[in-house]
Amino acid sequence: MLIAPFWTRTPALARRAALALAAAVLLAQPHLAFAQDAPAPAQDPIAALKNLGNAFADITDKTSPAVVFIRYEKRLSNQALGFGQNGQIPDDFFERFFGIPGQPAPELRQAPPQEDPENTPPVPVGQGSGFIISSDGHIITNHHVVDGADNIAVQLDDGREFDATIVGTDAETEIAVIKIDATDLPTISLGDSDALRVGEWVLAIGNPFGLSHSVTAGIVSARGRSDVGLREGGLIADFIQTDAAINPGNSGGPLLNLDGQVVGLNTAILSRSGGYMGIGFAIPINMVKYVSEQLIANGKVTRGFLGVQIQDFDAEMSNFFEGVDQGVLVGDVIEGTPAAEADIHREDVIIALNGQPVKTADSFKSRVSIIPPGQAAELTIMRNGEKIVKSVTVAARPDNLEAGAAAVEKGVSKSDSLGISVQDLTPELLERFGFEGMEGVLITEVTPNSPASLTGLIEGMLVQEVNRKPVKNVEEFNAALEENTSERAVLLRVREKDVSRYVTIKINR
């Protein structure tokens, strides 16, 4: 299975007839009405479908003028382009870049055999979509549509074409803002993605395979999809999933609700073939608003930061935390951060942010990232079975928070039930692994295919707690395991350099 940006090649489009047929069948059978005490009046199914079609047409008429077709060029060396030694473009060049085998432009069939990119003419390497948000020419699109482009051309619905400049791009959210030199341009209205409901109709407008201003309809299939594998290291986004047909070239186009408002920025597809298979992803417009406003004002993005290291709260953890079945678990609190100042503790479970439930760590990070620094956020937490509400003043996220991994020499004390070996810390190990001032036991070996390895434990991690009980040495570690009352699992708190988290390991009996 492949999750890919829209420039991935392949054919697509399907299932519209089945969707229309299902709607017609449902509308033709009023006895299927959900309100049992008040049957819906009979309605002509053809008329109902015509009304729906007219609604789609009205939305298209209203929004299409503000949707643009984007083409971009890059200066690439012969090696990057795949030219032969004589400067000839190979037969698969256009298939690799455009997914259109055998259709190269005549003027690009020959290129000078130069290796200096500065002396190589820009060549077309991609296309996408965008939408105008200001009458003076600001346009929102995807980061990958314009990243590294030397020339960007924007074509409007009325056929006019403009050169565009990059105002700012943000790789972490896949959002970019470009600008054309024009006035009195048509604009598109931005909606509220938080109000979006699973199952409601949405339309996608874009330029799949260069077919300008194509319109497709579908529904919101899901909300809150975390990182969909589009970028190494992940994206800060809580994706909207839709079955509206989107394909290569739709990147950067709008996802619209029935009020004609943009609710998402079309960004990626999940596909075995590279084209439409009924699963597409859009960045919520509330995220887009926050990022685009900062790009326009500052050329970069400042993100909200609390100072907690968190992880998903899984079903097994509910055995160790009273009254909690959903939320995110605080693995550690960084000293001197807003969370520390607000008295957030390790082992707190955050169940709501500003009154809205928290389900996953990725979703929580995404929501915190778009809270402006200096603004207060309300956290609802569970601590030892008690619900507590904390107010936290959000700060600006600092750089370089990521922690690396480490390797270590093998040790001697082994837990067969978990599949790990541990050893006491020594001054040398404390310094080598950056655990100065900390207590625990060091994981020195992980048995392949053991419960520990399947949970993601690796050599070089520090085990600090067993079932929420601190351990300082191997003796305490073994004693805590012997005291474990659960027949199924054990809860460990582990640290990998600067990152602390909890893991539930199913016991191998």
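Modeller: Residues are numbered from 1 along each chain as its sequence is written, and side-chain values use heavy atoms, without hydrogens and water. In this predicted model, local features need pLDDT of at least 70 and side-chain atom pairs count only at pLDDT 80 or more, while totals for chains, interfaces and linings use all residues.

Biologist: How are the planes of phenylalanine 239 and phenylalanine 281 set in their pair, stacked or edge-to-face?

Modeller: Rings of Phe, Tyr and Trp (its six-membered ring) pair if their centres lie within 6.5 Å; planes under 30 degrees apart are stacked, over 60 edge-to-face, and the rest tilted. By this rule there are five aromatic pairs. The centres of phenylalanine 239 and phenylalanine 281 are 6.1 Å apart and their planes lie at 70°, so the pair is edge-to-face.

Biologist: Is phenylalanine 321 buried or exposed?

Modeller: Phenylalanine 321 forms an edge-to-face pair with phenylalanine 313, at 5.6 Å centre to centre and 70° between the planes. Buried means under 20% relative accessible area, exposed over 50%, and partly exposed in between (1.4 Å probe, protein chains only). Phenylalanine 321 has 4% relative accessibility, so this residue counts as buried.

Biologist: Which cluster do ring pairs link?

Modeller: Phenylalanine 313 is buried too, with a relative accessible area of 8%. Ring pairs link this residue into a cluster whose members are Phe313, Phe321 and Tyr502.

Biologist: What is the relative accessible area of glutamate 439?

Modeller: Glutamate 439 sits in the loop between helix H9 (427-433) and strand S24 (441-446); helices (H or I, at least four residues) and strands (E, at least two) are DSSP runs, numbered from the N terminus. Glutamate 439 is partly exposed, and its relative accessible area is 46%.
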